[in-house]
Amino acid sequence: MSLRRIMLVVGLAFYAFLWVLAANGVSSLVAPLTIPVVLGVLVVLGLQLNKYLGIKPRQQHFDEHGDKTKK
C-alpha cells in the first residue's frame with residue numbers, strides 16, 4: 001500500500017471518530033465537521049451544473065515547449 005492510501009484511511013478513520021464524539025455529546029464539533037462535507041457537496045454540484053450547462057473548463061493560456069533559452 002502506498003503512503004497516500006494509508007494516510008487517507010487514517011484521516012477518514014479520525015474524521016469518523018470525531019463524528020462519533022460529536023454524536024455522543026460533544027456538540028461543539030458538529031459545525032467544524034460539517035464544513036468539509038458542505039464544501040464537497042458544493043464542488044460536486046458546481047461541476048454537475050457546469051456539465052449540465054455545457055460550460056467547458058478553462059484552457060491554459062501558455063504553452064510549455066521546454067526551455068527556449070538553451071545555448
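**The aromatic pair**

Modeller: In this predicted model, the count of aromatic pairs comes to 1. The partners are Tyr 15 and Trp 19, whose ring centres lie 6.4 Å apart with the planes at 85°, so the pair is edge-to-face. The cut-off behind that word is an angle of over 60 degrees between the planes. In general, such a pair is described by the distance of the centres and the angle of the planes.

Both Tyr 15 and Trp 19 belong to helix α1, where they are 4 residues apart, about one turn of the helix. Tyr 15 has a relative accessible area of 24% and is therefore partly exposed. Trp 19, at 30% relative accessibility, also counts as partly exposed.

Helix α1 covers residues 3-23, and Val 10 has its place there too. With a relative accessible area of 46%, Val 10 is partly exposed. Val 10 is one of the residues of a nonpolar surface patch, together with Met 1, Leu 3, Ile 6, Met 7 and Val 9. The accessible area of this patch is about 640 Å² in all.

As for the setting, the chain has 2 helices and 0 strands. Its radius of gyration is 21 Å, well over the 11 Å given by the globule rule for 71 residues, so the chain is more spread out than a compact globule. Its C-alpha atoms fill a box of roughly 65 × 35 × 25 Å along the principal axes. Of the 71 residues, 4% count as buried. The accessible surface of the chain is about 6,900 Å², and 68% of that belongs to carbon and sulfur atoms.

Note on methods
Residues are numbered from 1 along each chain as its sequence is written. This is a predicted model: local features need pLDDT of at least 70, side-chain atom pairs count only at pLDDT 80 or more; totals for chains, interfaces and linings use all residues. Side-chain values use heavy atoms; hydrogens and water are left out. Patches are made of residues with over 30% relative accessible area and no salt bridge: like charges are joined within 9 Å, nonpolar side chains (Val, Leu, Ile, Met, Phe, Trp, Tyr) within 5 Å. Accessible areas come from the Shrake-Rupley method with a 1.4 Å probe; for residues, only the protein chains shown count as cover. A salt bridge is a side-chain nitrogen of Lys or Arg within 4 Å of a carboxyl oxygen of Asp or Glu. Buried means under 20% relative accessible area, exposed over 50%, partly exposed in between (1.4 Å probe, protein chains only). Rings of Phe, Tyr and Trp (its six-membered ring) pair if their centres lie within 6.5 Å; planes under 30 degrees apart count as stacked, over 60 as edge-to-face and the rest as tilted. The radius of gyration is taken over C-alpha atoms; the globule rule is 2.2 Å times the number of residues to the power 0.38.
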